[in-house]
Every structure is written in structure tokens, then in C-alpha cells.
Amino acid sequence: MEKVMNMIKPKPNPQQLLRDWQRRLRQECRNIERQIRDIQREEKNVQKAIKDAAKRNDMVSAKSLAMEIVRSRRTVNRLYENKAQLNSISMHLGESVAIARTVGHLSKSAEVMKLVNNLMKAPEVAVTMQEFSKEMTKAGVIEEFVNDALDNALDSEDIEEETEEEVDKVLTAIAGETAAQLPEAVRKEKMKQPAQAAAQEEEAIAEGVDDEEELEEIRARLAKVRS
């Protein structure tokens, strides 16, 4: 019965499809904006934790937290790129509908196909873009993908290793004066110490971040807002 109803139900015209797609694209952009705000708000808490760690000369914890900030800022940059591409899709769809008014149907758009393909590889919007891909393929706006974009979409999290230079820049910007009070050789040595070596400074650590437990809590909160 459902199949029969689908057959007799009138197909949405290009203008209806555009309005629905653009509405959902705007919603996705608002979701991205909210995620960016959450990450940036959580970063302020991490910055305070870095300053506290630097004050007690716990550079192991300070470096670990600085690395989390580097990851978060990369996520924010990627989210801004995703939002820009979503807006580009909306713009190109508008152009496609304008052409459809003349030719009577939606035509394929190489630009939309390229943007959708790129966003299907972005973990934050991969699932949504898979749905868009199916709908746009059915409407004739893009061709069906035959590559492995779907297989890798959810596994394309940024795996690039954080460089020492990036982490040092974050530490300098957030706790530069405090960190600079340590001799350079001592500061670098403290950064390279394994986490368990910091146990020798139990009394100092107890005054600030509560060992690995609080560090893990901070990491978990950042991971949650980045996902």
C-alpha cells in the first residue's frame, strides 16, 4: 500500500526541494556554531588549568593540556570550513533551481557534488551528508558516488601528530611568564618526563589539578564537545 501511495503522491517541485534542503543546511550550520561555542567555552577552563599547572612547575600536565587545546583549535578550524562548504552548497542549489525554472527540471551540479563529497569525509557532518547525497542523487542534482568516501567518512578524524612547536606556542601564550621562570633545560626536561615521574611532586600537585583524575575529566569534556 505504501508503494502505491508513493507512486501516486506528486513529486516535490524543485522549489520545494530547495526550501527543504536549505532549511536543513541552515540547521546544520547552527549546530556547528553551537559546537564551536561549546569548544571555545571549555577551552577557557583548560587555559586556567594550564596556568595552575605552570605555577606549580608541573609542566607534564601543562603540556598535556596544551596539546588538548591544539586539538580543539584544529577541530574549530575544521568546523568553520564545514560551515563555509554548507553555505556554498546552499548557494549552488539556489542557482540550480533558477536554471530549473527554465528547463523544467533540476540539472546535475559538479560543484555541489564536489562539496557534498568533501563533507562526507568530515566526521562532524558525515551522517547528515550521506542523507543529502541519497536525496540529491535521486533528484538528479549529483551522481551516485562510486568511491570509498563512505567507508572512510567516520574514520577521518585528524590523526596528524601535534608538533612541539604548536604546543610550545600555546604554553607561551597562556602561561608564558610563569613557564619562562623555569630554566629552559629544566622546563624541557619536565615536559619530557613520563606522567608517573610527576608523582615525586605530590605535595605541589595536590594544590592544583587533582592528579590524573582531573586531567582525564578535562580531556573527556573536551572530547565530548569536539565530537
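The following dialogue examines how terms are applied to this predicted model.

Mentor: This is a predicted model, in which local features need pLDDT of at least 70 and side-chain atom pairs count only at pLDDT 80 or more, while totals for chains, interfaces and linings use all residues. Residues are numbered from 1 along each chain as its sequence is written, and side-chain values use heavy atoms, with hydrogens and water left out.

Trainee: What makes up the secondary structure of the protein?

Mentor: The protein has 10 helices and 0 strands. Helices (H or I, at least four residues) and strands (E, at least two) are DSSP runs, numbered from the N terminus. Along the sequence the pattern reads α-α-α-α-α-α-α-α-α-α.

Trainee: Why is Arg 30 called partly exposed?

Mentor: Buried means under 20% relative accessible area, exposed means over 50%, and partly exposed lies in between (1.4 Å probe, protein chains only). Arg 30 has a relative accessibility of 41%, and therefore counts as partly exposed. Arg 30 belongs to helix α2, residues 14-55. Across the 227 residues of the protein, 41% count as buried.

Trainee: Which residues form a positive surface patch, and what makes it one?

Mentor: The patch is formed by Arg 26, Arg 30, Arg 34 and Arg 37. Patches are made of residues with over 30% relative accessible area and no salt bridge, like charges being joined within 9 Å and nonpolar side chains (Val, Leu, Ile, Met, Phe, Trp, Tyr) within 5 Å. The place of a charge is taken as NZ of Lys, CZ of Arg, CG of Asp or CD of Glu.

Trainee: Which residue forms a salt bridge with Glu 33?

Mentor: Lys 83 does, the closest N and O atoms being 2.6 Å apart. This pair joins helix α2, which holds Glu 33, to helix α3 (residues 59-103), which holds Lys 83, 50 residues apart. Glu 33 has a relative accessible area of 29% and is therefore partly exposed. Lys 83, at 23%, also counts as partly exposed.

Trainee: Are Glu 124 and Arg 78 buried or exposed?

Mentor: Both Glu 124 and Arg 78 are buried. Glu 124 forms a salt bridge with Arg 78, with the closest N and O atoms 2.6 Å apart. Glu 124 lies in the loop between α4 (110-119) and α5 and Arg 78 in helix α3, so the pair ties together parts 46 residues apart in sequence. The structure holds 12 salt bridges.

Trainee: What is noted about the phi of Asn 57?

Mentor: Asn 57 has a positive phi of about 60°, although it is not a glycine. Asn 57 is placed in the loop between α2 and α3. With 30% relative accessibility, Asn 57 counts as partly exposed.

Technical notes
Areas by Shrake-Rupley, 256 points an atom, 1.4 Å probe, with all protein chains shown as cover. Salt bridge = Lys/Arg side-chain N within 4 Å of Asp/Glu carboxyl O. Lys, Arg positive; Asp, Glu negative; His and termini not counted.
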